[in-house]
Amino acid sequence: MNNEARKTLYQFYTDKVAALTTEIAELKRHNTTFVLAELAAFVAMLASLVAYTLTSIGVLFIVLAVVFFAAYYFIRQVDAGRSNKADECERLLKVYEDELSYLNGDFSCFDAGEKYIDPHHPFTFDMDIFGAESLFNRMNRTVTTGGSDYLATILSQTEVPSAEAISHRREAIAELAERESLRSTFLMRGRGQHINTDAVLEALREVRDTDISHLALSRTSFVIAILSLVVFYGLLIGAVFGPLPGSWPMLWLLVQISAAYLVFGRTLKKVNASINVILPRLGTYVSMIMLIVESDLKSLEAREIMRRLAGNQQNATKSFRQLKSILDDLDQRTEVWVPISNALYLADYFIVRRFLQWQQQYMPCIEDWIQAVSHFDALVSMATFRYNEPAGTDAEIIEVDAVVYSAQGIYHPFLGEQAVRNDFQIDDGHYYIITGANMAGKSTFLRSIGINYILALCGLPVFANHLKVSRFSLFSSMRTTDDLAHGISYFNAELLRLKQLIGYCKQNRHTLIILDEILKGTNSLDKLNGSRLFLQSISDLPVTGIVATHDLELSKMQQEHPDRFHNYCFEIQLSDEITYTYRITEGVARNQNATYLLQNVLKEQAL
C-alpha cells in the first residue's frame with residue numbers, strides 16, 4: 001500500500017514536470033516576434049510625432065501616434081505577461097524537480113540547517129534533527145530565513161506543548177498537505193531567492209528612521225501637480241484642435257519638469273532611495289501575503305496567521321493590493337517608458353506619493369506581517385513533508401501525568417520501506433537496558449524512539465503502525481565528543497553531559513532519557529560501576545530511561561530491581577555469515593560480533 005502511494009506521488013510530480021516543461025517551451029517560442037512587433041510600434045509612434053512637426057496635416061499624425069502608442073503598450077503588456085508567466089513556470093518547475101529529488105533520496109537542493117546544530121541541546125544533536133541528511137534537511141522547503149528559523153524552533157522545542165496546541169498544529173499541517181496547489185504556488189513565489197528576513201526587517205527599520213520630508217504628501221504639492229497636468233493637456237488640446245503653436249505644450253512640459261525638480265528634487269531623492277531599499281525586498285512578501293490572505297484556510301492555526309496578516313480583512317487586503325500595484329508600476333519603469341509616463345501623468349511623483357501614503361498607514365504593521373509569513377512558511381514545509389510521506393500516521397496524544405510510550409510497528413523515518421518494524425512499550429519510572437552486538441540496531445532503535453516522539457509533539461506524522469504517547473520532556477546522550485580546543489577530554493565531556501542531564505531532569509516534571517553507552521571514556525570495570533551508580537541515583541528523580549550498552553553486566557540490574565529495570569536485546573545469528581534481524585526481544589544478547597568481524601579483517605589482510 002505504501003509503495004503504491006509512493007509510486008502515485010512520484011508519477012504526480014513527474015507529470016507536473018513534463019507539463020511545465022512543455023508550457024515553458026511554448027511561451028518562449030514567440031519571444032522574438034513580440035520584441036520585433038514592440039519595436040516596430042514604438043518606431044512608428046516616433047515617426048508619426050516627427051511627421052506631425054514637419055507637415056501641415058498634424059491631426060492625422062497625432063491620431064496615428066496615439067494608435068501606434070496604444071499598439072506598443074498593448075504588445076508590451078502581452079509580452080510582459082508572457083515573460084512573467086514563463087518565469088513563474090520555470091520557478092514552479094524547480095519546485096517539482098526538487099520534490100522528485102526528495103523522493104529519489106537526494107536532499108542536497110534543500111538547506112540542511114547546519115547553523116542550528118548544537119551539541120549541547122537536550123536532543124537535537126543525537127536525533128539527527130539538523131545537518132546533512134537530517135530531519136530538517138528532508139523537511140525544509142522554507143523560502144525565507146524567518147521561516148527556516150521558525151521551523152528549527154518547532155523541531156527543537158524543549159517546552160512541551162499542550163495537547164490542544166499539538167492538535168491545532170496537526171490540523172493546520174493536514175489541511176495544508178491537502179492544498180498542494182497552494183503550497184506549490186507559495187514555494188514558487190519564493191523560489192530562486194532565500195529571502196533574508198533579518199535583512200528585510202533591518203531595511204524596514206532604516207526606512208522608518210530615515211528623515212524624509214513629507215512635502216510630497218502635502219495638499220499643496222498635489223494641487224500643483226494636478227494644475228500642471230491640466231495646463232499641459234489644455235495646451236496640447238489647443239495645439240492639436242486650436243490655434244496654439246505645437247511648441248507651447250512642449251515648453252510647458254519643460255517648465256513643469258524643471259519646477260518639480262526645484263521644488264521636490266531633494267525630497268524625491270530621499271524617497272526614491274527609500275523605495276529602492278524597501279520595495280525590492282518586499283515584492284515577494286507582498287505576493288506571498290496576498291496568497292495567504294486569499295487562501296480561505298479553515299484550521300485554527302492558519303486562521304490565526306491570516307488574522308495577524310489581515311486584522312481588519314478589508315483594509316489589509318486593500319493595503320497589499322496597493323503595494324503590489326506600486327511594485328507593478330515600478331517594474332514598468334524602463335528607460336524608454338520613464339520620460340513618456342512622466343510627460344503624460346507625472347508617474348514618478350504619484351508613485352512616490354502613493355508609497356508614502358502606504359508607508360504612513362501600514363508600516364507599523366509590517367514587522368508582524370513578516371513574522372506571520374515566517375510562521376506560514378514553516379507550516380508549508382511541514383505540510384509538504386506530510387504529503388511526501390504517505391506512510392506516516394498520526395500519533396495518539398493522551399493526557400496523563402506520567403511517561404507513556406506505546407508503539408506498534410515503529411521504525412526510523414529515514415529508512416523507509418526497508419526498515420524493520422518493532423513493538424515497544426515504555427512505562428513511567430521504568431528503565432530498559434538494551435544489549436546487542438555492533439551494528440545490530442541498538443542506536444537506530446533509540447533514535448527511532450526519540451525522533452518519532454519529536455514528530456508527534458510537532459503535530460507531524462510518525463512512522464509506526466500506531467504510536468500512543470503522553471507529553472513529557474526528552475533528553476538524550478548518544479554522541480558525546482571531546483573538545484580539545486577548550487581542553488575538554490572525552491571523559492570530561494561525558495561527565496558534563498550527564499551533569500546537564502541531571503539538571504534538566506530536575507527542572508522538568510517527567511523526562512524520558514535515551515542513552516547510548518554510559519561513560520564510554522573509561523575502563524570496563526570503572527564504566528560498569530559508574531553506570532550502575534548513575535542509574536541508581538537518577539532513578540530517584542521523575543525519570544524514565546532507555547539505555548543501550550555493550551556491557552552485559554549492566555543487565556544484572558534487573559535481578560536487583562525487577563520492578564523497574566528490564567532487559568531487551570537485538571540478537572544476531574553467527575554461522576558462516578552474520579545474520580542481523582534488527583528485531584528487539586526481551587532478554588540479554590548472547591552473541592557478539594566484534595571478534596568475529598576482526599578475524600575476518602585479519603584474514604583478508606593476510607591474503
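Of the 115 residues that make up the largest nonpolar core, the ones touching the most other members are Phe186, Tyr405 and Ile449. Helix α14 (residues 347-388) gives this core its largest share, 15 residues. A nonpolar core here is a set of buried Ala, Val, Leu, Ile, Met, Phe, Trp, Tyr and Cys residues joined through side-chain atoms within 4.5 Å. Keep in mind that this is a predicted model: local features need pLDDT of at least 70, side-chain atom pairs count only at pLDDT 80 or more, and totals for chains, interfaces and linings use all residues. Residues are numbered from 1 along each chain as its sequence is written, and side-chain values use heavy atoms, with hydrogens and water left out.

**The chain as a whole**

- The protein chain holds 19 helices and 10 strands; helices (H or I, at least four residues) and strands (E, at least two) are DSSP runs, numbered from the N terminus.
- Out of 607 residues in the protein chain, 49% are buried. Buried means under 20% relative accessible area, exposed means over 50%, and partly exposed is in between (1.4 Å probe, protein chains only).
- Take the contacts (heavy atoms within 4.5 Å) in the protein chain between residues at least 6 apart in sequence: 76% of them join residues at least 24 apart.

- Leaving out residues up to four places away in sequence, Phe186 touches Val143, Met288, Leu291, Ile292, Val373, Phe376, Asp377 and Val380.
- There's also a second, separate core of 20 residues, and Leu498, Ile518, Leu528 and Phe534 are among them.
- As background, nonpolar side chains in soluble globular proteins tend to be buried together.

**The largest cavity**

- Four cavities of 30 Å³ or more turn up in the structure. On a 1 Å grid over the protein atoms alone, a cavity is a set of points where a 1.4 Å probe fits but cannot get out, and lining residues have an atom within 4 Å of a point.
- The largest cavity has about 90 Å³ of space; grid points are joined across faces, edges and corners, and a volume is the space filled by probe spheres set on the points.
- The largest cavity is lined by 13 residues, and Phe123, Gln157, Tyr453, Ile454 and Leu457 are the closest to its centre.
- At least two lining residues each come from α5 (145-155), α15 (442-457) and β6 (473-477), with α15 giving the largest share, three residues.
- By type, the lining has 10 nonpolar residues, three polar and no charged.

**Helix α5 and Leu155**

- Helix α5 is mostly covered, with eight of its 11 residues buried: Thr145, Gly146, Gly147, Ser148, Leu151, Ala152, Ile154 and Leu155.
- What do the buried residues of α5 pack against? They pack against α4, α6 (163-178), α8 (197-209), α14 and α15.
- Leu155 sits in helix α5 and counts as buried because its relative accessible area is 0%.
- Not counting residues up to four places away in sequence, Leu155 touches Phe123, Thr124, Ile129, Leu135, Phe136, Met139, Ile454, Cys458 and Leu460.
- Leu155 and Ile451 are 296 residues apart along the chain, yet their C-alpha atoms are separated by 9.8 Å.

**Two residues in helix α14**

- Thr384 is part of helix α14 and is buried, with a relative accessible area of 1%.
- Leaving out residues up to four places away in sequence, Thr384 touches Glu99, Arg141 and Arg183.
- The side chains of Thr384 and Arg183 make a polar contact (3.1 Å). That term covers a pair of N or O atoms within 3.5 Å; within protein, one must be able to donate a hydrogen and the other to accept it, and residues adjacent in sequence count only if both atoms are side-chain atoms.
- Ser374 belongs to helix α14 and is buried at 5% relative accessible area.
- With residues up to four places away in sequence not counted, Ser374 touches Thr144, Gly146, Gly147, Tyr150 and Thr197.

**Positive phi in two loops**

- Asp128 isn't a glycine, but has a positive phi of about 60 degrees; Asp128 lies in the loop between α3 (58-103) and α4 (135-139).
- Met439 isn't a glycine either, and has a positive phi of about 65 degrees. Met439 is in the loop between β4 (431-436) and α15, and counts as exposed because its relative accessibility is 56%.

Notes. On a 1 Å grid over the protein atoms alone, a cavity is a set of points where a 1.4 Å probe fits but cannot get out, and a pocket is an open set with protein on both sides within 12 Å along at least five of seven lines; lining residues have an atom within 4 Å of a point. Ala, Val, Leu, Ile, Met, Phe, Trp, Tyr, Cys and Pro count as nonpolar, Asp, Glu, Lys and Arg as charged, and the others, Gly among them, as polar.
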